[in-house]
Amino acid sequence: MPELPEVETVARQLAPLLVGRTVKRLEILDTKLLNVSRPGRVRALSIADVRRLGKWITISLKGGKDLWIAVHLRMTGRLIFADGRAEKGATKNDSQQEDKHLRARLLLDQGELLFTDVRRFGEVRLLNDLAAITPKAIDPMSADFQPKRLAELLGKSKQELKAWLLRQDRLVGLGNIYASEILYRARLSPFRPAGELTTKEVGQLVKATRQILVKAVENCGTTFSDFQTAHGSIGSYQRFLKVYGREGQPCRRCSASVKRHNQQGRSTFYCEDCQNVD
DNA sequence: GGGTACCTGAAA
DNA sequence: TTTCAGGTACCC
């Protein structure tokens, strides 16, 4: 579920809620989360910082030895802050559903952070440093993301552009929704060989990527089915999606029917006319 | 590089 | 019953 804008949203919302709090303990409820060794180490440390690192959310703990809690949401992970007071709005049914998928919880001096994950692909790690999860690839929201740099990365790749955009070893953070949206905005075919873009097209790609990501972050990401922000509310960028999930509906620019095509086991949405697809 | 697997649940 | 899902690790 979460791509860069959703992860950024969660990190930004969690920061003011968590920074300065003291950790009481970390409870691991899902035996699949084997990467967390000696969770007792977090006890009495205070939270100094919360940020996004690629698609990871890192919580930095200070006091004695430095430690980081890192969370990857994968497809259906959620990090929700609960202030401890009973939630009047939530029905009993909702909370029971939530409990069923509760995989870990971080208890604080005030409130707690809940990690829930339906499909159990998500990860929680306890790290002494961030080396293992620090991406070598470029973050498309950073100042390093420039046309010249992207052109170098694209090189002479023959891989289809949509598939190339999903490769986290070149760019970190794009996923299946935003890859389609970005290509639509840049008016580029998802099937073009990545290394054959002209200089002008690489420029369009950079511009479209920045614009889409900025607007998605401003709108707290996209909620299709699962995604929730740290407050348990949903994102609103789905209102702005031009092609993703719109198979058979008219293109908002030219009215041609939006197409869906399976590319390496994943759905790609596009407009044949606007994106010059043969 | 491209398929397949990991897991669960909702929708077709 | 089958297909699909905001991700990615691991196999040829």
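**Fold, surface and a hairpin**

Modeller: Among contacts in chain A between residues at least 6 apart in sequence, 64% join residues at least 24 apart. Please keep in mind that this is a predicted model.

Colleague: How many helices and strands has chain A, and what is its radius of gyration?

Modeller: Chain A contains 6 helices and 10 strands. For 278 residues the globule rule gives 19 Å, and the value for chain A is close to that, so the chain is as compact as a globular protein of that length. The radius of gyration is 20 Å.

Colleague: What percentage of the residues of chain A count as buried?

Modeller: A residue counts as buried when its relative accessible area is under 20%. Applied to the 278 residues of chain A, this gives a buried share of 50%.

Colleague: How far apart are the mean positions of the positive and negative charges of chain A?

Modeller: Chain A carries 47 positive and 31 negative charges. The distance between their mean positions is 1 Å.

Colleague: Which residue in the turn between strand 2 and strand 3 has a positive phi?

Modeller: Strand 2 (residues 46-53) pairs with strand 3 (residues 56-62) in the antiparallel sense over 7 bridges, and Ile 47 stands opposite Leu 61. The two strands form a hairpin with 2 residues between them. In the turn, a phi of about 65° belongs to Gly 54.

Conventions. Residues numbered from 1 in each chain as written. Chains lettered and ligands numbered in written order. Predicted model: local features only at pLDDT ≥ 70, side-chain atom pairs only at ≥ 80, totals over all residues. Heavy atoms only, no water. Helix = DSSP H or I, 4+ residues; strand = E, 2+ residues; numbered from the N terminus. Rg over C-alpha atoms; globule rule 2.2 N^0.38 Å. Buried < 20%, exposed > 50% of the residue type's maximum accessible area, 1.4 Å probe, protein only. Contact = heavy atoms within 4.5 Å. Lys, Arg positive; Asp, Glu negative; His and termini not counted. Charge placed at Lys NZ, Arg CZ, Asp CG, Glu CD. Pairing = 2+ DSSP bridges.
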